[in-house]
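Subject: The two-chain model

Hello,

Here is the structure I promised to pass on. Please have it open while you read, as my notes follow below.

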Amino acid sequence: MALTVSMPQLGESVTEGTIARWLKQPGEPVARYESIAEVASDKVNAEIPAPADGIFGEIIAPEGSVVSVGQPICTIEQGAGASPEVPVAAAAAEQPVVAVPAIAVEAVPPVREVQPVAATAAVAAAPPPAMVPLAPATAPLAPAAAAPVPSAPAISPAASADADTDGAAHQHVTPAVRMLAREQGVDLSLIQGSGIGGRVTKKDVLDHVQRRDEAARAAGPAVPAAPAIAPVPAAPAPVAAAVPAAATAPPSLSASAEEGDQLLPMTSVRRAIADHMVRSRQTSPHAWLMVEVDMSRVVRLREAGKAAFRERYGISLTYLPFVARAVVEALRRRPTLNAQWSEAGLVLKHDIHLGIAVALEENLVVPVLRNADRLSIAGLAQAMADLGNRARANRLKLDEIQGGTFTLNNTGALGTVMTQAIINQPQAAILTMDAVVKRAVVVDDMIAIRPIMNLGLSFDHRINDGLQAARFLQDVRAQLEGLDEGATLL
Amino acid sequence: MAVKTYLEAIREGMRDEMRRDDRVMVFGEDVGAKGGVFGVTEGLQREFGEWRVMDSPLAESCIVGVCIGAAFNGMRPIAEIQFQDFILPGVDQIVSEAAKIRYRSNDDWNMPLVIRAPFGGGVHGALYHSQSLEAMFCHVPGLRVVVPSNPYDAKGMLVAAIRDPDPVLYFEHKKAYRLIRGEVPDHEYTVPLDRVRVVREGRDIVVFSYGLMVDTAVQAAERLAPDGFSVSVVDLRSLRPLDRQGIVESARRCGKVLIAQEANLAVSVSSEVSAIVAEECFEYLDAPVMRIGGPEVPAMPFAKPLEDAYLVDVDKLESKLRSLAEY
């Protein structure tokens, strides 16, 4: 029999992918999990594994074609010895590039195959296993991972197994669902379908909208849209009460369009960024601190070493790796800044995975530098240059944009001098580097000209108070101002 | 209000109109002394006399033709066809004369005629006493075709049909006669002949049906409630013309549509409802339109197991609803 392979879910909110290259041709034997195609989406690139052993059949989607998630891309002919019961969707969820933390997989009840949406959502929502020493069982974390658990259909769970074998025909979006999703601003890839073959039904969308609206109502009044800076723990009530809850209105097409206006159609990336920003503002009470850093030593070090650095590594030396190095040092000393909120308590992350915000023309991506604290300034520079280049070329892999524990944002490269960023959930804080500007400052009761950089920290006031946040910033500043000018960067 | 059977409600409708308007008369086989083969006209001849409740020869063409002549001459005749299965000899009169007279005479003439006929199976009536032939008449412009599903509608729609200035085919499900009971007001009232009735409100699926199948649909709908599926049941009431707006409203609201009928499906009421939904509700549909009805065999069998196999019952309807719910 022929097994139809469909475009897998390539990450949260990704709705389509481009077939970059076929790695197998019709007639070639394929083994289960063997890569059969390279796929590029607007966020990441991935390889699609074969869902079963067999002979590569027909290419349905040629190279370069853009295919919606769930639509067929090729077929695999299965022999008598193959295992036809393997659901296509389940195999797609097991893409090797998806680093599914063990804890997240366990949190999904084994009632059905893990659907791709559930798997990727769990990656985003569940903490990695590193925190297990704090919690003997998975139980305290279950609430975070429980949300995307596929709800077993009320009727005849066996139906989905039947449906999966005859391919992606059931993944279509009915006119009613398409209209409703458009009206309500719903990203269908976020919904676990209860229909045949996991199809998202109208009822699923209505339930989703209801839950979303209820969540927005519940979260709305408690979230200050512009939290006051509170360097010391202070009574927040009057400020919070006075601020209108601006972010609670459900998304709709309520913008007024007049003659001559232009509508840029919503893209999935824009929608994903918007959802994340709204969610972050609704989830975390943002507080903000800023310090000034005298960058004299950094500037001198960079000036002295940049020619040799370029010669040796082929990349230019910027201020970014200096700050990144100072940040990971400070995070080691201040673990509550490298942490996540959970109802059971603070989860202090063991590893430091530093997210670096990279601005692209039309969107924003935050590649993650794993174990950034193990790298020198030179190592950070190289790794960040590599991630940045690949982000701009759309060549990041899925696990390179997930799992960050702290985010560094370099808007100074764009000339800003004061930036209040929105926290990259579920992290505790985000640090912004502003431009290094020569300013007249008072040093030892004399006026001196020094290169000054502002460092702005947006932090989740549930996790840290101003005290911890300020100490963290002092640490970063001390690192940067106290650099040994004799140090070698090579 | 008193609880009455479907049959009593029909009789009461005729009786009240005959008391109110002495132009109203009944003509059909055994409608007089016997009171009709099912007893629907029982007591009417005693009250209104042989000239207004008149036994006819065993000839449907004659029954319809005589009533057409009476209507031309200022009467308001009610023709009773003993079984809908036997209406076929009268079809020429109905289609060629009654349906066309207003159009043919450029509005000079009209045809205030009601033709009542019991239809439907499940009563062990076999080939010639069980058929559902409504679709034949639904095709014909110039006719109204109505089917009440309950005693309240049965009386109110019959009164409206008698007062209607044009020919109305009023089909009664014979199994409903003594099975379906409901409250019927004693006072005068009418029920519109061209409006659906939402029998049961629901959000997820709508079942369009008519006649006795409405009751079956309500029972099946209730079986899905514990599983979280909210099923709406809409009684079409008028099969020609169909209440396009009423159908569209419910279909758009629910997004999933099932049409349930006793008759076989090909070129039937369900076909027309499906077409309306396809034409007017495409963007609102969350599943293909589904239909359930009788098989494409020439008639209802006599043997009990075969009759059961032919008929749509609550189990079959529930199963169909579940496949639509799952979609």
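What percentage of the contacts in chain A with a separation of 6 or more is accounted for by residues 24 or more positions apart? The figure is 68%, where two residues are in contact if their C-beta atoms, placed from the backbone, lie within 7 Å.

Before going further, a word on what you are looking at. This is a predicted model, in which local features need pLDDT of at least 70 and side-chain atom pairs count only at pLDDT 80 or more, while totals for chains, interfaces and linings use all residues. Residues are numbered from 1 along each chain as its sequence is written, and chains are lettered from A and ligands numbered from 1 in the order in which they are written.

Chain A

Chain A has 490 residues, of which 40% count as buried; that label requires 20 or more other C-beta atoms within 10 Å of a residue's own, again with C-beta atoms placed from the backbone. Its secondary structure comes to 13 helices and 17 strands. These are DSSP runs numbered from the N terminus, with helices being H or I of at least four residues and strands E of at least two.

Have a look at helix α11 (residues 320-333) of chain A. Its 14 residues should span 20 Å at 1.5 Å a residue, and the end C-alpha atoms are 20 Å apart, which agrees; the expected span is 1.5 Å times one less than the number of residues. Because 11 of the 14 residues of α11(A) are buried, the helix is largely enclosed by the rest of the structure. Among the buried ones are A:Phe322, A:Arg325 and A:Leu331. Their cover includes α10 (296-313), β12 (354-359) and α13 (466-481) of chain A.

Chain B

Chain B contains 13 helices and 14 strands, and 53% of its 327 residues count as buried. For contacts between residues at least 6 apart in sequence, 80% join residues at least 24 apart in chain B.

In chain B, 7 strands make an open sheet with mixed pairing, in the order β3-β2-β4-β5-β7-β6-β12; two strands pair if DSSP finds at least two bridges between them. β3 (53-55) and β12 (238-240) of chain B are at the edges with a single partner strand each, so one side of each has no neighbour in the sheet. From one strand to the next, the twist averages 20°. Within the sheet, β5 (residues 114-119) and β7 (residues 168-173) of chain B are parallel partners over 6 bridges, and B:Arg116 stands opposite B:Tyr170 in β7(B).

Helix α3 (residues 60-72) of chain B lies across β2 (24-28), β4 (76-80) and β5 of chain B, at about 175° to β4(B). Axes here are lines fitted to C-alpha atoms, for helices over the stretch in contact, and angles run from 0 to 180 degrees between N-to-C directions.

B:Val214, in helix α9 (residues 213-224) of chain B, counts as buried because it has 28 C-beta neighbours inside 10 Å. Leaving aside residues up to four places away in sequence, B:Val214 touches B:Ser149, B:Val199, B:Ser209, B:Val233 and B:Asp235.

Where the chains meet

The contact takes 15 residues from chain A and 14 residues from chain B. On the chain A side, α6 (175-184) and α7 (202-219) each supply at least two residues, with the largest share, 4 residues, coming from α6(A).

Enjoy exploring the model!

Best wishes

Notes. A residue is buried if 20 or more other C-beta atoms lie within 10 Å of its own, exposed if 12 or fewer, and partly exposed in between; C-beta atoms are placed from the backbone.
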